[in-house]
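Hello,

Here is the structure I said I would pass on. My notes on it follow below.

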Amino acid sequence: MITKFKSLSNTQIKRILSLVLIIVLGAGSSAAVFGLSNDFTITDGDSVTKIRTLHNETSAVLRQAGIQVDENKDKVHRTDRDNNQVDIVIKRAFAVDVFFDGEWHSFEVNDGTVADLFALHNIPAGDGFFVSAAMDEPLSAGKKIVVSRFVPVNVFIDGENRAVSVPEGTVDNALKFLQIELSPDDTVSEPLDKVVEDGLNITVNRVEIKEVTERETINFSTAIKKSGALGRGEFKIEVAGSNGEKDVVKRIKYVDGKPTDVEVLSENVLKAPVNQVKIVGTKPIAKSRAGKVSISTEDGTIVDETGNVHRYRKVLTGVCTAYTNSKKDGGPRTSTGKIAKVGMVAVDPRVIPYGTELYVPGYGRCVAADTGGALRSGRVLLDLFMNSESECRSWGRRTKNIYVL
């Protein structure tokens, strides 16, 4: 090796020494530069930039990283850590809109919560106010917050009357605030766009539409034939009637669980009814049958002792007593102003109105024209006028079917 080195020319030796010197000096400079540089981590919203630089001033680092900030609006937070590590966080300015005192207000912020914003700008909140955002909710760009006063209203829904307070606004907003969901068929007593006011009554009716199929009876009808072969009050059934059946499809509207409207959509007859044919006698009653009363529950007729036919529409059952006139000069007048006589009876007009025509077996046809204490107390249904006390004693107290003509 020594021999080879000595064989080199002076020029070659100088070049080698120069090269070695350059390498040594370069390595030392690199070490010095590395020791003076910092590693920066820059967080700008969702963007993170890492950079190593000899610059130490924040503004110079941001310029080198190509990041621009507005010194009047944006906030820059710097944290220097060990080992030449530096964190820079940029909080950009953004607008938040708040509605209060009847108008919108816009505020520029960099961070914080709703509570921080309200405290900084003295925005009203607390008891009696509704805030559309939680007070600990972080602020974000474009956020809109509504502050409104509470208004007392009454809401009747699902059979319950609720006295509640809702934020200022429309009926629709009030129902949403109360978490009352409406179906397309539900009805509300007030327009949804009406502004709520103190003491407003809001009724929500739950409406449900159902289609059902119901099995129904088809009642048979009765055809009347007259026959002179049968006496008055007599009849016979020529064709027995029978009811039919049908399926009926209905659309039923229920309001709060109660049916309020029924629409028949279709009918399907399963069995047709068979109409009854009834033969009614028209032949006058023979004298030998006089004195006998015939009452038919089929067609609502009464044939009295003289053969006269009376039609009745209702039957009442109760106690019948008798009274008479003790005077000989025409007697007292009834409650309706008429002179009491046979054929007039006393009633409770709340049960049997004055003027109602009646038929009482054993007494005959009569009219409601008088009243009395026993009638109004309910102990007696009818008090029949008779000509003498002996007739009254003979009648006594009887329970009778009373036919309303």
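How many helices and strands are there in the chain? The chain has seven helices and 26 strands. Please keep in mind that this is a predicted model.

Of the 405 residues in the chain, 30% are buried. The accessible surface is about 25500 Å², and carbon and sulfur atoms account for 50% of it. Among contacts with a separation of 6 or more, 53% join residues 24 or more positions apart.

The largest nonpolar core has 24 residues. Val 345, Leu 358, Val 360, Tyr 363, Leu 382, Leu 384 and Trp 395 have the most contacts inside this core. At least two core residues come from each of several elements, including strand S21 (314–324), strand S24 (364–370) and helix H7 (389–395). S25 gives the most, with four residues. Beyond its neighbours within four places in sequence, Tyr 363 is in contact with residues that include Val 342, Val 345, Phe 385 and Trp 395. Another core, of 16 residues, lies apart from this one and includes Val 109, Phe 118, Val 131 and Leu 139.

Phe 118 also belongs to helix H4 (residues 114–121), where Val 114, Leu 117 and Phe 118 are buried. Seen down the axis of H4, these buried residues fall within an arc of 95 degrees, so they line one face of the helix. An α-helix has 3.6 residues a turn, so residues three or four places apart point the same way. The buried residues of H4 pack against strands S5, S6, S7 and S8. Ala 119 and Leu 120 are exposed, on the face of H4 turned away from its buried side. After H4 comes Asn 122, with a positive phi near 55 degrees.

Regards

Conventions:
Residues numbered from 1 in each chain as written. Predicted model: local features only at pLDDT ≥ 70, side-chain atom pairs only at ≥ 80, totals over all residues. Heavy atoms only, no water. Core = buried A, V, L, I, M, F, W, Y, C linked by side-chain atoms within 4.5 Å. Buried < 20%, exposed > 50% of the residue type's maximum accessible area, 1.4 Å probe, protein only. Contact = heavy atoms within 4.5 Å. Areas by Shrake-Rupley, 256 points an atom, 1.4 Å probe, with all protein chains shown as cover. Arc of directions from axis to C-beta.
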